[in-house]
Amino acid sequence: MSTPAPGEPHEWKHAFTIVPLDGIGPEGLAALAEAVEARVAPNGRTPDRPHPGPAEFDHVQVDSVARLIDSLHGCTDAVVSLPPLVVVKSGGRLRAHRFTPEEAADPALTPAVLHSAADLIVLIDRLVAERALKEGPGRHRRP
Amino acid sequence: MPTLDVRLLGPLEVRIDGAEVAVPRGKTATILAILLDDANSVVPLDSLIRAVYGIDLPKDPDTQIQNAVGVLRTKLGAARERIETVGRAYRLRIAPGELDLLRCKQNEDRARSLRLEGRIEEAAAAMRAALAEWRGPALADQAGAAVESIRRRYDEHRLALLERRLDLDLELGRHSEVVDELRQVAAAYGTRQRLTALLMRALHASGRTAEALEAYAALKDRLADALGADPDQELVALHTAILRDRPAAVLERPVEPPAPVRVPWLAPATLPRAITRFTGRETEIRLLDDALEASEDEAGLAVVTGMGGVGKTALAVRWAHRVAHRFPDGQLYFNLRGFDPLSDGADPAAVLAEALVALGVPVQHLPAGLDQRVSLYRTVIARRRILVVLDNARDAAQVRPLLPVAPGSFTLVTSRDRLSGLDAGDGADVVALNLMSEADAWALLVRRIGRTRAMAEEEPVRRIVAACGRLPLALTLLGAWAARHPDFSLASLADRLEQTTNVFKVLAAADLASDPRSVFACSYQVLGTRAAQAFRLFGLHPGPEVTPAAMASLMGGSVAEAEAALGELAEVHLAEQPREGRYAMHDLLRAYAKERLTEEVAPERRTAAADRVVAYYIHSARAADRLLTLNGEGIDPGGPGDGVHPEPLADAHAALAWFETEYPVLFDLVVRPGAVADAAAWRLAWSLAEYMVMRALSADLHAAQTAALAAAERTGDLLGQVVAHGYIGAAAILAGDKEGAERRLEEADRLADASGQPWAKGFTEYGRAALAAKSGEDAPALAHCRNALEHFRRSGERFWSYRALAGIGWHSAALGEFAEARRCFDDLADAVRDSDNPLAIGNARLGLGFIDHLQGRHDAALAHYAEAERILVAGGNLPTAAFARELTGDARMAAGAAAAARNDWRAAEAVYSEFGCVFELARVRARLAGPVEDAAAEDGLIVVAPGAAHERVEAAVREALHAFGYRVREAEPSNDEAVR
């Protein structure tokens, strides 16, 4: 987010800890990331028809993902970080990206960077493009 | 006495009364360094030779070293006596204040204690004082391989102390103050990862995160260049945490591998009560005192030998109490029963298990083998000053595994055998305990009968003392008898005593000093009928201690009669009462009791009494099993029979205590061929099975059920074979042998089919469910529980039906089939509402709570768990009540109340520990060991630009997380906020 000018309202920010309910391992967050990523088209648009998602997602999960994405559509700029997932809305663009462990460990992708929605959009597009080019997860610098 | 001031943490320096002493470099200085390194301990001459010369020995190395020691003594002048010759060894005596190394260790120990007490500031100061003893590299001005080895060890230790001091400084928030020092030390020890970790923590906490990351990168390069290695896992984790900008507090945890099993520092005190009227034995006590003094800083060992009844135990216990204050780390007592006429004596492995538990080792961490137990025992007591009394040892082999080897410990062994093996091989001081002197024997008797009476009948007293052969046990018995009969003439007693050998012809030629049976006979003869019967039956009882109920069963009479009889035996010292409601007998008396039984009681009556006591064990075990596990409804062993009185057990605590005390006897009855009739053997094994499962005694369970299987096969009892195979399968599950368990359950299933009994089929299906559940396979476990329920219902057996129904509910819930799970637990609650089965009622509540918990309704879950716990506590099902508390902790943790959750887990842990519930204990300790949640926790963040409805985003995030099995935990308020 950009720094507000004097007198301007501040952005709303909430940091919290995500903890598993009993018996759930880290695979739950990975599944959430997968569901969200699948629901957000690579071009940043939400598909016309809801993505049915992988067969193992139940309707409660699919609906909750749809509502999350809808809620972000109502924002100008927003970042939701639910590691390994980051969902970003900036201007008219919406991106979702699952960070690989290598990307997550990269100093260039520290939380300080994750606060800027616009920068994140650029970064995610770049990561996706690089991944598509099968260059593998290298050491990326923010532009 | 001259004062020494010796320093080796730097150049070697020796001062005597302030005056410097020049110790010649080379051999002499090396010997001094080695003696200082092992200050106050004995250093064998051979060790000195090896250290000084290595393999390149001179012509007469002994003399060379002895000469060098002579030079050293000369140099020490007035303090020459400090170097003692101990056989072919030397010892340098030096007080802690006289040697910098010992002062350093004192401060180090103090720092550790203060740190544990949370007094960080003082701990850091103590650690600084420890480090201040160093004036440079250890033995900086000396050379040679031996000195080099000592130097390396001490310098490494110095570095470890420095790290700990810096760690304490970081704990105190002195981050910026220590950065420069850390930089210097980390640069000096370039590849030492712990120092870099401390530096990274200090930099990050000082707001210099970039430099912290640089320090990591630099170390990474250094490691790659120097060693071709990567940073270790802990350092990588620290690096990642700094990258993620975790708060400094998270990083405060020292980067150290987790300790394996922490053994709480318990100081056991298991000495029995000392005899109040102990008389004489001053010489022997002084000899034992001397042995203790001589063994200072070694593992001391003394053996008291003497004939039965001469008072070895009394002396050992008396002396142990006398010197107990010198063993602040504990005093252990074990009766090895080496001369028990009815058993082979205590198994060293079992004694070690008892010792380890007394020293704080959790039951589930006891190794199985004798060697492993010996190793653990020696490790646990390695630095403890502990006194061990091993009473009634059979031979050296029984004693050796139990001997502590750590300096400062002391072992006192008593035995009828001289234990020459210990004398020769282990350097034991032997104290021979002979018959009492005339004067001591007289004093012992007079203390019991009173001086006035003794003076009035001086001659008879002398005759009694002579008739008792000055044997303390005999004098004690007769003194007790005479005291109980104050009007009885002592002259008549003396007459009678002198005639007893005629009464008991077997003793015609007996020498009283070597065979005290005539004395026993005197006490025995005057017992009342019931007490005499009880005395004889002691010789038939299978265990070392007897309760009134067990004695009543042996006698075939009432418990009140038995209690009165035992009371009479205790009053005349023919039996002891080690604790309330339990009676024991000296092994000599027991042997005599056995003789009397054989000679005076007809075989058929002996057999009937033996059968009754076995029935006592079977029915008591069943009653205890029901109280502990509610098991045992499956097979009705019939009524206890006439004259059999099962142990009256009030609650689960009493049941547990009874099982714990009688376990060796019960186990022996099951596995010893012919101890119990075949028809009873497998039932007894079954009553013991759930206790063994609870304690995870897989090897014992396997042995007991194998014996039970053989018994059931001999009688052709198919049901017994099914149960035995099933529990052998359970033993395999406990041992992690899945294939073995499957094979046994298949065999059980085949036999269950052949038996045509639905309960047997249900039992094997339930076993299969347990096997699947153990592997975390909820779906097959659920299917087997369903099958089991069907069979149990057909058999009309309630308890096992409830068990299967609860299993269905639990596995359904785990699989997310909440409707099915709820239906099961509702059914269970309906079925048991009006029953007297608190375990089933409580389980229904637990299940309903579990469903609410999984679905995020924490308040509802907590209400169910609380009600379940109340019901289970009221019903005495304490381990299951502890499970309710554990689940309460889970629900509280899920609701974000971490501190309350940990309290619940600790409460559950205490009960699991008390009842020895091995798996449950491991599970709850895993929860307590670390923030389990945090292991899988992630930091989430929502940032929304001004103007947008952030509430909607926030709600959607929470909903999505919940749908995928997560929840949001807010940062816990600080203490100040909590106070407000």
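Modeller: Keep in mind that the model is predicted.

Colleague: Which way does E4 of chain B run against E6(B), and how many bridges join them?

Modeller: The two strands run antiparallel, joined by three bridges, with E4 made of residues 42-44. Val43(B) is the residue opposite Tyr90(B).

Colleague: And E5 of chain B, how many bridges to E6(B) there?

Modeller: Three bridges, again with antiparallel strands; E5 is residues 83-85. Ile83(B) stands opposite Leu92(B).

Colleague: What do E5(B) and E6(B) form, and how many residues lie between them?

Modeller: They make a hairpin with three residues between the strands. In the turn, Gly87(B) has a positive phi of about 60 degrees.

Colleague: Changing topic: which residues gather in the patch of negative charge on the surface?

Modeller: Asp737(B), Glu739(B), Glu742(B) and Glu746(B).

Colleague: Where does Glu746(B) lie?

Modeller: Glu746(B) is in helix H33 of chain B, residues 738-755.

Colleague: Now chain A. How many helices and strands?

Modeller: Chain A has five helices and four strands. Along the sequence the pattern reads β-α-α-β-β-β-α-α-α.

Colleague: What share of chain A counts as buried?

Modeller: 45% of its 143 residues.

Technical notes:
Residues numbered from 1 in each chain as written. Chains lettered and ligands numbered in written order. Predicted model: local features only at pLDDT ≥ 70, side-chain atom pairs only at ≥ 80, totals over all residues. Heavy atoms only, no water. Patch = residues over 30% accessible without salt bridge, like charges linked within 9 Å, V, L, I, M, F, W, Y side chains within 5 Å. Areas by Shrake-Rupley, 256 points an atom, 1.4 Å probe, with all protein chains shown as cover. Salt bridge = Lys/Arg side-chain N within 4 Å of Asp/Glu carboxyl O. Lys, Arg positive; Asp, Glu negative; His and termini not counted. Charge placed at Lys NZ, Arg CZ, Asp CG, Glu CD. Pairing = 2+ DSSP bridges. Buried < 20%, exposed > 50% of the residue type's maximum accessible area, 1.4 Å probe, protein only.
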